[in-house]
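Please look at the aromatic side chains in the structure below. The paragraphs that follow go through how some of them are placed.

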Amino acid sequence: MKKKVLSLLLTGTMVAAMLAGCGGSGSDTGNSGAAADTAADTGAASTDNAAASTGDAAASTGDATGGEETLTVWCWDPAFNLNAMYEAEKVYQKDHPNFKLNVVETPWEDVQTKITTAATSNDLSTLPDILLMQDNAFQKNVISFPSAFTDLTGSGVDYSAFAAGKTAYSVIGGKNYGVPFDNGAVVGCYRTDMLEQAGLTVDDFTDITWDQYIENGKKVLEATGKPLISMQAGECDLIMMMMQSAGSSLFNEDGTANIVNNDTLKVVMETYKALKDSGVLVEVNSWDEYVGSFVSGDVAGTINGCWIMASIQTAEDQSGKWAITNMPSLVGASGATNYSNNGGSSWAVTANCQNTALAFDFLKSTFAGSTELYDNILPSGALATWAPAGDSDAYGVGNDFFGGDAVSAKIVEFSTKVPSNITGVYYYEARDAVATAITNYINGSSIDTELQTAESTVNFNMGK
């Protein structure tokens, strides 16, 4: 009965909150997973609720100091992140009946603003015990405000149980500052009925290269008149996914820009241009147009973080006509794989936490140690990057929308194979510079000229 109920839930809602809860996938202003996150958060959270968080945090800290097992948490999206925390509270309360969480709904933009304000004013008392951090912003915040966060390396969390690529987002100077949460593993999603018209199946898109992808895409275009994929013009989500799939970053380990001499980036730019020139990829003007292109059937698939499956499933009439697999690998790039990440978030313990032992044990026992928790939050779309969760019966349930495939277990497996990358302090500025370079290159500019301009722009932002 449990599997039947879960199957029904997964068909309609397994990833219904992924898009809103993914913690962002692109730039601060980009219309990617982060944009949907922002829209959901802004609509869901009231100004009064966000403003009240400072007082709540102070009250909770006092409770923890007084011996009560109480922690305050900031996070966004009631149906996804807040729900996960409430379920974690229930799990932890089984062995700690006096434990309480004060979960304060706080949009990501407010979290970022409050961190900056607290750190720059040297008043960390306004921060909660635990907060949720977008993965792409984690290194930026810890490097910029090291005094605001607690080192979790000795917390007892077994980081080897998490996907290495996911964990790397919150590792700074060899130390762990975050506990990984939701999954942003990249999936290739395809309309199987359209592939069939071209004599293809999803197997023809599994473990392939981008060159093979283009050739398959030409067959689909010829047979159906539909491009294989769409992307938003002026954004570089796909560029960043391609780069990470080969373990490449826009920064070196010492924080310097890695653009001009980045051979993988050159391959990525050439590959993207080849996709567009072939007609296999079509660019659209907005995030809504991007989602609408595959929901309406104007394109035969998409490649993005697994949270995109939530949007795909809004087209209920297409149930059973979709399948997922891994992404293509780069040709001519050292370390190329078929796996990447886009989006996600992790939990951080702030330096204002007065009961770090409690915070450590709570996170270790729930998000880093409870299959039960991940089973309970799976129907809301919260997929784990904690590898043991993928072995549970719940993750093995087939999803009828995606042809009965056990997509949850498959995505967790994908996440364990994602190469690490370096985000650094100026990640978003570098993304924007590269996005401009891609646009100019597609329009006829020299790739070397554009890479030099992009790196110069990043160095200027870095004050170099």
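In this predicted model, Trp307 has a relative accessible area of 1%; this is under 20%, so Trp307 counts as buried.

Aromatic rings pair here if their centres lie within 6.5 Å, and the count by this rule is 20 aromatic pairs. For Trp287 and Tyr290, the ring centres are 5.0 Å apart and the planes meet at 50°, so this pair is tilted. Both residues belong to helix H14, which covers residues 287-295. Because Trp287 and Tyr290 are 3 residues apart in that helix, about one helical turn separates them. Trp287 is buried, at a relative accessible area of 10%, and Tyr290 is buried as well, at 2%.

Trp287 also forms an aromatic pair with Trp307. The distance from centre to centre is 6.2 Å, the angle between the planes is 35°, and the pair is tilted.

Elsewhere, one aromatic cluster is formed by Phe80, Tyr92, Phe99, Phe181, Trp347, Phe362 and Phe367.

Charged side chains also sit over aromatic rings. Lys114 lies over the face of Trp74, 5.7 Å from the ring centre. Lys273 is placed over the face of Tyr441, at 6.0 Å from the ring centre.

Note on methods. Residues are numbered from 1 along each chain as its sequence is written. This is a predicted model: local features need pLDDT of at least 70, side-chain atom pairs count only at pLDDT 80 or more; totals for chains, interfaces and linings use all residues. Side-chain values use heavy atoms; hydrogens and water are left out. Rings of Phe, Tyr and Trp (its six-membered ring) pair if their centres lie within 6.5 Å; planes under 30 degrees apart count as stacked, over 60 as edge-to-face and the rest as tilted. Helices (H or I, at least four residues) and strands (E, at least two) are DSSP runs, numbered from the N terminus. Buried means under 20% relative accessible area, exposed over 50%, partly exposed in between (1.4 Å probe, protein chains only). A charge sits over a ring if NZ of Lys or CZ of Arg is within 6 Å of the ring centre and within 35 degrees of the ring normal.
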